[in-house]
Amino acid sequence: MTATMLAARLHDIGKPMVLEELPVPVPRPTDVVVNVKACNVVPNLKNVLATYAEWFPYLPLPELPAIFGLDAAGVISAVGSHVTDVKVGDRVYVNPGLSCGSCSACRRGEDQNCDSYTFMGYFAFGPNGQRQFDAYPYGGLAEYLTAPQRNLVKLPDAVTFEQGARFGYLGTAYSALRKAGAGPGRTVVIDGISGTLGLGACLIALGLGVSRILGTGRNAALLQDVKALAPDRIDVHAVGDGDLAAWVRDHNNGEGADIVIDAVGPGAPAESFTDALATLRRGGIAVDIGGMMERPALDLFSMMCSQISLVGSLWFSTSEAQDMAEMAGSGALDLSILEHHTFPLDQINEALDTGLPARHGGFTNFICQPS
Ligand SMILES: [Zn+2]
């Protein structure tokens, strides 16, 4: 008899997910099956599901029915015949970023630049996404999922499944900070420091030894909670409370910042980015990870003269996520401040609808526990 598992599948746009029994998947030779212990319910999921038809045409969603759930952590329950470096019982985070493995970008090790790049359990970045969805149809909102062995991040014992399920947002910030050369002696401005992405950037910047972290946000009380994480290294600036560039220089020995991490979300005004960009010193680097939808007016002449770089950064590589996991395992990256709100899989519809408590900014981690 085939073993079955509980999964939440979306059959119809605008309708609740359907809880149903599906066969437990069997791994192909280079895949594993993961028993999902924690899956992040990302802030954007409800919006994506509600606007399925109007979603970006260049970011294809999976054909329905589909199992969603972007960031999953759990225990390996089965391995394919050609799996070598992990075994049943290993604790892992599954990097949901799927790539074709054979195009020129993939062969260079630049998976995120693959034309087929696809988030398992979420959406794709190109027209070939459905092939990836067909190959890996299980998101984290199910008791089991399949994943390629090369997408696994081994979790150190000190990292919980709930913390592991936050790795998508944390890893996005980690990759951005790495691309910008963040470390000791550098000053980082985080635009939107109290949100899910921004707070992750703050924690990782602390872990990477960044000397000064200057953050912006809208909620003054929340900003004080962020500053309290490391009062000697973090300063916070409420949006609308005077000129940001002048404030940064006031808090950075009269100099501009080395790095801007723009973590404000799609709905933020373009001025949020241009104000942050203006805080950079000559040679500074701005990295966007928030995905602002408004189009900022850029002064390319002054950016050229000051050698300002602007980088769009998507997600992270599995190797970056593994490095970050080790950072969390050693304690250099402190994830103990995350506040987990957990619920079982059979409450996913209520959770997406009205069941989630008020969010304490980026501190809150909404986690579904399928098993
Ligand atoms: Zn590829």
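Predicted model: local features only at pLDDT ≥ 70, side-chain atom pairs only at ≥ 80, totals over all residues.
Visitor: Hi! Is Cys114 buried or exposed?
Guide: Cys114 counts as buried, at 5% relative accessibility. Buried means under 20% relative accessible area, exposed over 50%, and partly exposed in between, with a 1.4 Å probe and protein chains only.

Visitor: Which protein donors does the zinc ion have?
Guide: They are the SG atoms of Cys100, Cys103, Cys106 and Cys114, 2.3 to 2.4 Å from the zinc ion. Donors are N, O and S atoms within 2.8 Å of the metal (3.2 Å for Na, K and Ca); water is not among the atoms, so sites may look incomplete.

Visitor: And how are they spaced along the chain?
Guide: The donors follow C-x2-C-x2-C-x7-C.

Visitor: What about Cys100, how accessible is that one?
Guide: Cys100 is partly exposed, with a relative accessible area of 32%.

Visitor: New topic: which residues have the most contacts inside the largest nonpolar core?
Guide: Phe68, Leu141, Phe167 and Ile261, in a core of 102 residues. Such a core is a set of buried Ala, Val, Leu, Ile, Met, Phe, Trp, Tyr and Cys residues joined through side-chain atoms within 4.5 Å.

Visitor: What else is there besides that core?
Guide: A second, separate core has 17 residues, including Leu214 and Phe273.

Technical notes. Residues numbered from 1 in each chain as written. Heavy atoms only, no water.
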